[in-house]
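This briefing concerns how the parts of one protein chain meet. Please look at the structure below before reading the points that follow.

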Amino acid sequence: MTDVLTPLGERLKDPTLLKDGALIDGEWIRASAADGFPLYNPATGEVICYLPIMGTAETRDAIASSEAALRGWRATSAINRSNILRKWAELMRDSADDIASILTAEQGKPWDEARGEVIYAAGYFDWFAEEGRRVYGDVIPSNTEDARIIVLKQPVGVTAGITPWNLPAAMITRKVGPALAAGNTIVVKPAALTPLTATAIAELGLRAGLPRGVFNIVTTSKASEIGDEFTSNPVVRKLSFTGSTGVGRHLMRQAATNIQKVSMELGGNSPFIIFDDADIDQAVEGVVSAKFRNAGQICTAANRIFVQRGAHDRFAEALKIRAQNVNVGNGFGEGVEMGPLIDQKGFEKAEAHVQDMLDHGAILLAGGHAHELGRTFFEPTVITGLESDMLPWSDETFGPIASIAVFDDEDEVIAKANDTEYGLVAYLYTHDLGRTFRVSEALETGMVGVNTGRVSNQMAPFGGVKQSGLGREGSKYGIDDWLELKYINLAGLSR
Ligand code: NAP
């Protein structure tokens with residue numbers, strides 16, 4: 001993986017996984033340079049390919065295809081749906097190298113990290129293949145002797161998903177896995193910046209035996225047209241969205257028209273709290289994972305790092321040295337730990353956050369500038385002196401900027417950590433068990449990582465509170481969002 005300039009097709013063992021089109025009713029629809037939108041490699045700026053700009057009419061076709069497929073798919077036994085999902089997961093693992101190359105080319109993250117995401121993403125198909133087989137109902141004692149109350153769990157129907165560019169494989173499978181396991185059909189709109197990972201996964205779905213129309217993909221550079229159709233078409237009974245809080249809010253308003261079910265996985269502004277008694281080396285590695293992984297472009301990224309006064313200087317110095325040694329480069333380069341930011345807008349945001357902090361008196365310890373590789377590359381950055389009037393306090397940085405604030409006691413840091421409209425995840429480093437419980441319970445977030453910088457896995461309920469979202473993905477709870485309860489009052493049982 002050292003030749004960073006090899007064209008994408010030549011990297012793949014199976015070049016037929018490169019699908020530069022949308023998938024509607026089992027057919028690939030392609031575009032030309034004249035009528036498509038360009039997809040860029042964020043590390044090199046080269047155009048990878050052109051994809052179809054789909055709008056209302058094509059989205060309507062995709063929804064109609066999912067509607068036609070629904071009857072057969074929901075009637076398919078849970079075990080047969082499960083078998084297809086497990087086969088799909090297997091095919092993803094077999095092609096993990098190829099999908100990782102596609103992902104790195106369009107998203108920029110290091111190839112090993114991309115491969116890790118593919119394996120992680122396939123795990124959602126495995127997990128929900130099993131959960132789909134355990135969608136149990138209930139039989140409840142009735143209020144009359146001659147009746148029984150029976151509760152069924154049924155698929156919602158035709159559903160839609162909209163996903164972001166930062167985790168282009170996992171954000172698809174985390175929705176499509178439970179949707180299909182539960183017997184729904186789904187139309188997905190992947191991010192315009194990373195459609196090829198989604199289409200490669202879709203191609204493997206067809207190979208695994210998905211009937212046409214069960215999973216459709218619409219691509220576009222006109223997201224709002226697709227969003228409008230997803231939320232206004234009465235056939236679509238649920239929208240699952242992962243992305244920014246602003247777009248999520250807008251889609252929720254639109255979904256209110258048809259009282260459409262919604263799941264929202266939105267933005268974060270995660271506090272990362274390090275107490276004096278913490279293992280500082282472990283805390284540094286935790287921050288590296290939660291801050292420099294994917295160049296800080298993850299919803300669970302540590303946005304505000306709070307360090308207790310007694311540990312502050314030691315921690316800041318250790319993180320500075322670690323940041324200066326992060327190997328930045330094209331994701332295809334050997335040993336690269338951090339790739340470029342996704343685009344110029346992302347780069348400018350990182351720059352603005354650094355500048356704003358420096359303007360307000362923060363102190364730069366490492367990085368802070370465009371990386372010598374140019375374009376969208378930004379240096380891993382460490383800044384101390386974060387205060388509430390600085391941008392990262394209230395705004396998701398989405399870049400490799402570790403912003404550190406100092407605190408003195410537990411109550412103070414809880415208040416500061418909760419001083420945000422977001423509530424996705426918080427991290428906590430301490431060896432004091434009582435404090436672990438007190439602080440974890442007081443934090444207004446959907447998830448807490450204790451002595452770890454990672455919280456995402458298939459087994460756990462992922463999701464936020466406050467303006468970070470509604471609903472949970474993954475875990476035994478994750479399938480509930482894709483099911484409706486139906487109660488049957490079965491009477492007349494007495495002789
Ligand atoms: P974004 O701008 O909100 O875009 C997300 C998706 O929504 C993309 O597919 C985008 O399409 C689409 N979109 C934008 N405007 C739309 C509209 N009016 N109608 C319908 N769809 C629309 O977010 P992003 O920049 O891609 O992703 C970063 C954000 O996602 C961050 O805030 C991050 O925290 C959040 N995120 C949350 C989670 C979680 O699980 N909580 C996970 C990952 C990311 P285009 O690509 O075509 O613009």
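In this predicted model, 29 residues of domain 1 are in contact with 26 residues of domain 2, where contact means heavy atoms within 4.5 Å. Domain 1 covers 8-266 + 471-484 and domain 2 covers 270-458; these bounds come from an automatic or database domain assignment.

**Basis of the values**
- The model is predicted, so local features need pLDDT of at least 70 and side-chain atom pairs pLDDT 80 or more, while totals for chains, interfaces and linings use all residues.
- Residues are numbered from 1 along each chain as its sequence is written, and side-chain values use heavy atoms, leaving out hydrogens and water.

**Between the domains**
- About 2200 Å² is buried between domain 1 and domain 2, and carbon and sulfur atoms give 59% of that area; buried area is the accessible area (1.4 Å probe) that two parts lose on being put together, summed over both.
- Zero salt bridges are counted between domain 1 and domain 2 (side-chain nitrogen of Lys or Arg within 4 Å of a carboxyl oxygen of Asp or Glu).
- The C-alpha centres of domain 1 and domain 2 lie 30 Å apart.

**The whole chain**
- The chain has 15 helices and 22 strands, which are DSSP runs (helices H or I, at least four residues; strands E, at least two) numbered from the N terminus.
- The C-alpha trace of the chain spans about 80 × 60 × 40 Å along its principal axes.
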